[in-house]
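Please examine the sequence and the three-dimensional structure shown below.

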Amino acid sequence: MNIYITGLGSGYEVEHLVRLFYPMAPLTLTPPEDGADCVWAEKRPDKLWAMVRQGGKSRTAEAPLPIPVEEGGETPEFALASLTYDLLRSWTGIRPPWGKMTGVRPVRLVHDKRAAGWTEEEIDDFFLKRFDCSPEKYGMAKAIADLQEPILKVGSAPKTYSLYIGIPFCPSRCSYCSFVSCNLDRDRKLVQPYVDCLCREVEAIRDEADKAGLMLCSIYIGGGTPTSLSAAQLRQLMGTVRDCFDLSTIVEYTVEAGRPDCTDAEKLAVIREYGATRISINPQTFSDEVLKNIGRRHSAQDILDCYAEARAAGHDDINMDLIAGLPGDTVEGFEKSLRQAIALDPENITVHTLTLKRASRIVIEDQKENDYADVAAMLEKCHLLAEAGYRPYYLYRQKNTLQNLENVGWCKPGHEGYYNIYIMEEVQTILSAGAGGSTKLVADGGKRMQRIFNFKYPTEYIQRFDEVLERKKGVAVFYDHDLGTETSG
Ligand code: SF4
């Protein structure tokens with residue numbers, strides 16, 4: 001099956017929707033030969049036209065050119081994508097759960113439409129009719145938007161920001177990972193100079209935030225795997241954070257304890273002692289076989305032990321990540337993992353769908369999507385979370401996610417991860433420290449945004465650290481301008 005799109009400036013939207021039905025079909029630049037299996041979408045001078053041909057049979061669909069967007073119509077890109085989607089939905093009998101919606105933040109769309117004064121009925125039509133979202137998925141997006149509203153009010157107060165600190169080291173590389181993360185065995189000598197720079201950058205962020213009159217709202221230490229640091233290095237980093245900021249005024253302080261193969265009782269105690277209010281211990285699966293498939297060097301029992309140590313250290317707000325669609329997993333296996341996570345009774349359980357990123361080993365080694373079990377059926381098991389008293393509180397989608405599905409954070413009432421909501425809904429400034437860090441400056445209620453990037457790799461970050469500090473001065477400059485615009489109006 002080939003995909004052939006012609007007559008449009010950009011065929012991206014059509015291609016994306018065709019891949020909901022034929023995930024691995026290649027795009028061709030020349031018209032398919034007579035009789036060859038293909039999806040053909042074409043904008044002609046007088047109409048839109050689409051055809052699917054498979055196994056010697058074919059079906060076509062056509063529609064008039066849309067009226068211009070300014071007159072209430074659609075772009076030709078969306079109109080052709082929509083025509084092709086409808087054709088493929090009827091041809092295959094497949095009903096994609098998110099319909100024609102390609103955006104990664106459906107919850108944000110609900111917030112935006114409400115802010116723009118749309119009625120609930122208009123928003124319902126937008127999701128259910130225009131985009132053909134399933135009532136279940138839309139219902140979840142809407143419920144999450146309702147739950148987030150009061151939390152977003154806190155996080156979007158003017159000049160509020162969150163601090164992100166990145167630790168790009170891991171004890172081994174997971175097969176699905178495309179993140180820039182150094183192998184601890186190979187790059188251990190980089191860790192101490194990295195932590196030294198990181199502490200200086202945290203101090204610089206405090207200075208810049210003070211100059212700009214910003215107020216810290218939440219802190220997130222993520223990775224990689226933050227517990228790749230030794231207990232002494234964690235003390236150094238978290239001690240710097242404690243010295244720089246008044247932790248009594250923030251709403252949340254999360255540390256990703258991540259993997260049990262480098263997290264121990266001492267590190268868990270340090271994390272607690274230095275003020276973290278929330279941690280993540282991420283099993284991804286409780287199957288030893290699947291853990292081996294993804295390149296983890298620990299067992300499910302290690303996760304259970306780590307969780308018990310975290311509780312013993314006094315951690316009372318714990319998140320656990322699971323991933324649906326891991327290689328070698330099954331619907332039954334995923335359900336078992338989910339039941340095991342629920343039995344542990346953490347405050348948060350985040351269910352991700354596997355994403356096939358180009359830089360990951362899974363994709364490089366060319367495993368086919370068909371090798372993966374039915375991910376949609378796995379996600380349907382999440383009703384178990386609802387039955388156990390969890391409710392969804394944040395949701396996002398990524399490109400190249402199996403079956404175009406979503407990632408959802410579930411929590412017990414009152415345990416919403418604030419930082420997750422803030423970063424996903426882009427309502428506040430995030431100041432980032434560390435390699436690969438992306439600082440996002442937000443002002444004028446989200447109307448003005450700017451990004452400042454750190455170097456991607458730890459070696460560059462350490463060697464060119466002066467430049468990292470220099471770039472951070474852009475924070476105060478951005479807010480100087482902000483003051484100017486506020487007072488000039
Ligand atoms: S722990 Fe996370 S960052 Fe590290 S290799 Fe695995 S997926 Fe990548």
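The structure is a predicted model.

**Salt bridges**

Side chains of opposite charge can pair when their charged atoms come close. In this model, the count comes to 36 salt bridges.

| Pair | N to O distance |
|---|---|
| Arginine 130 and glutamate 74 | 2.5 Å |
| Lysine 472 and glutamate 201 | 2.8 Å |
| Aspartate 207 and arginine 206 | 2.8 Å |

Arginine 130 and glutamate 74 meet through their side chains in a salt bridge. Arginine 130 belongs to helix H4 (residues 120-130), while glutamate 74 sits in the loop between strand E5 (57-64) and helix H2 (76-92), so the pair ties together parts that are 56 residues apart in sequence. Both partners reach the solvent in part: arginine 130 is partly exposed at 28% relative accessibility, and glutamate 74 is partly exposed at 25%.

The side chains of lysine 472 and glutamate 201 also form a salt bridge. This pair links distant parts of the chain, with lysine 472 in helix H17 (residues 465-472) and glutamate 201 in helix H6 (residues 184-212), 271 residues apart. Are these two partners buried or exposed? Lysine 472 has a relative accessible area of 1% and is buried. Glutamate 201, at 0% relative accessibility, is buried as well.

In the pair of aspartate 207 and arginine 206, the closest N and O atoms are 2.8 Å apart. Aspartate 207 is partly exposed, with a relative accessible area of 37%, and arginine 206 is partly exposed at 22% relative accessibility.

Salt bridges may also join into a group. Arg105, Arg108, Asp112, Glu426, Lys440 and Arg451 are linked in such a network.

Strands of a sheet pair through backbone hydrogen bonds, either parallel or antiparallel. The model contains an open sheet of 5 strands, arranged in the order E2-E1-E3-E4-E5 with mixed pairing. Strand E2 (27-28) and strand E5 stand at the edges with a single partner strand each, so one side of each has no neighbour in the sheet. Strand E1 (residues 2-6) runs parallel to E2, and 2 bridges join them. Within this arrangement, tyrosine 4 stands opposite threonine 28 in E2.

**Two buried residues**

Serine 218 is part of strand E9 (residues 215-223) and is buried at 0% relative accessibility. Its side chain makes a polar contact of 2.6 Å with the side chain of serine 162. Apart from residues up to four places away in sequence, serine 218 touches several others, including Tyr161, Leu163, Ile250, Glu252 and Tyr422.

Valine 290 is located in helix H9 (residues 288-293) and is buried at 2% relative accessibility. Which residues does valine 290 touch, not counting residues up to four places away in sequence? They are Thr285, Leu326, Pro327, Gly328 and Asp329. Valine 290 and methionine 1 are 289 residues apart in sequence, and their C-alpha atoms are 31 Å apart in space.

**The surroundings of the ligand**

The residues around the ligand are Cys170, Ser172, Arg173, Cys174, Tyr176, Cys177, Phe179, Gly224, Thr225, Arg259 and Arg296. Sorted by class, this shell has 5 nonpolar, 3 polar and 3 charged residues.

Note on methods:
Residues are numbered from 1 along each chain as its sequence is written. This is a predicted model: local features need pLDDT of at least 70, side-chain atom pairs count only at pLDDT 80 or more; totals for chains, interfaces and linings use all residues. Side-chain values use heavy atoms; hydrogens and water are left out. A salt bridge is a side-chain nitrogen of Lys or Arg within 4 Å of a carboxyl oxygen of Asp or Glu. Helices (H or I, at least four residues) and strands (E, at least two) are DSSP runs, numbered from the N terminus. Buried means under 20% relative accessible area, exposed over 50%, partly exposed in between (1.4 Å probe, protein chains only). A polar contact is a pair of N or O atoms within 3.5 Å; within protein, one must be able to donate a hydrogen and the other to accept it, and residues adjacent in sequence count only if both atoms are side-chain atoms. Contact means heavy atoms within 4.5 Å. A residue is near a molecule or strand if one of its heavy atoms lies within 4 Å of it. Ala, Val, Leu, Ile, Met, Phe, Trp, Tyr, Cys and Pro count as nonpolar, Asp, Glu, Lys and Arg as charged, and the others, Gly among them, as polar. Two strands pair if DSSP finds at least two bridges between them.
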